Amino acid sequence: MKFEKIHNKGQAQLFQSPVLEMLTKTHPLVIWGMYMPVIIGFPIYAANHFGFTASTIALLFISGGLFWTLFEYIMHRWVFHMVAESERATRIVYVMHGNHHHFPRDRERLFMPPVPSLILASAIFGLMFLIMGNNVFVFFPGFMLGYLMYGSMHYAIHAWNPPFKWMKPLWRNHHLHHYKDEAKGFGVSTTIWDRVFGTMFDLKKEKEDKKKVEELMFKK
């Protein structure tokens with residue numbers, strides 16, 4: 001979804017209704033507060049009610065976090081950037097993700113807002129339960145921690161410079177995705193799947209456009 005002008009101020013208006021518009025915004029701490037009880041409580045519940053050992057909990061939790069990275073890539077590449085062939089589909093894509101490319105400095109829409117987030121998380125939990133049974137009480141918390149880390153990483157990439165040198169490829173990969181080529185650089189929390197699926201930028205050859213990168217960053 002290409003835009004003639006990327007806005008460095010303000011935010012998109014997604015709905016005419018002030019109530020619906022308010023429900024499209026959130027703060028990272030709200031989402032962390034929503035899911036931390038699940039991330040902490042579900043494994044404890046699994047240990048107390050199903051007799052899961054510490055090693056089983058660790059394995060399932062880490063597996064859930066790793067699975068998130070693949071889910072993140074699939075959603076970003078094939079759902080958030082799907083080719084819309086109708087006006088309605090274009091509208092859906094814009095509400096889901098296009099507005100972020102249009103207004104990359106809008107920090108209130110870097111996490112999925114609470115209501116759709118809870119609906120989607122509940123649906124994913126239900127599907128996982130059908131597939132893996134009680135194991136979901138540990139796998140799902142790892143998956144959701146992966147989501148929180150992804151959202152926080154996304155926020156950090158737009159807000160600050162990388163705090164460590166080894167994190168710079170993550171920052172550059174996402175910046176290039178925004179201003180150079182939306183068909184590459186879909187990974188945010190990791191570049192592993194971009195490398196696997198051949199959508200990784202060649203960072204050795206790509207030059208950093210400092211002005212465009214600054215335009216994507218929040219005001220200090």
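**Exercise 1. Find which residues of α3 meet which residues of α6 in this predicted model.**

*Solution.* Start on the α3 side: I57, L60, F61, S63, G64, G65, F67, W68, F71 and E72 take part. Their partners in α6 are V138, F139, P141, G142, F143, L145, G146, Y147 and Y150, where contact means heavy atoms within 4.5 Å. Now sort them by class: 13 are nonpolar, 5 polar and 1 charged (Ala, Val, Leu, Ile, Met, Phe, Trp, Tyr, Cys and Pro count as nonpolar, Asp, Glu, Lys and Arg as charged, the others, Gly among them, as polar).

A note before going on: residues are numbered from 1 along each chain, and side-chain values use heavy atoms, without hydrogens and water. Local features need pLDDT of at least 70, side-chain atom pairs count only at pLDDT 80 or more, and totals for chains, interfaces and linings use all residues.

**Exercise 2. Describe how α3 packs on α6.**

*Solution.* Helix α3 spans residues 54-79, and its axis lies 6 Å from that of α6 at an angle of about 45°. That angle makes α3 oblique to α6 (under 35 degrees is roughly parallel, over 145 roughly antiparallel, 65 to 115 roughly perpendicular, the rest oblique). The crossing is right-handed, meaning the near helix is turned clockwise from the far one by less than a right angle.

Definitions and conventions:
Axes fitted to C-alpha atoms, helices over the stretch in contact; angles between N-to-C directions. Helix = DSSP H or I, 4+ residues; strand = E, 2+ residues; numbered from the N terminus.
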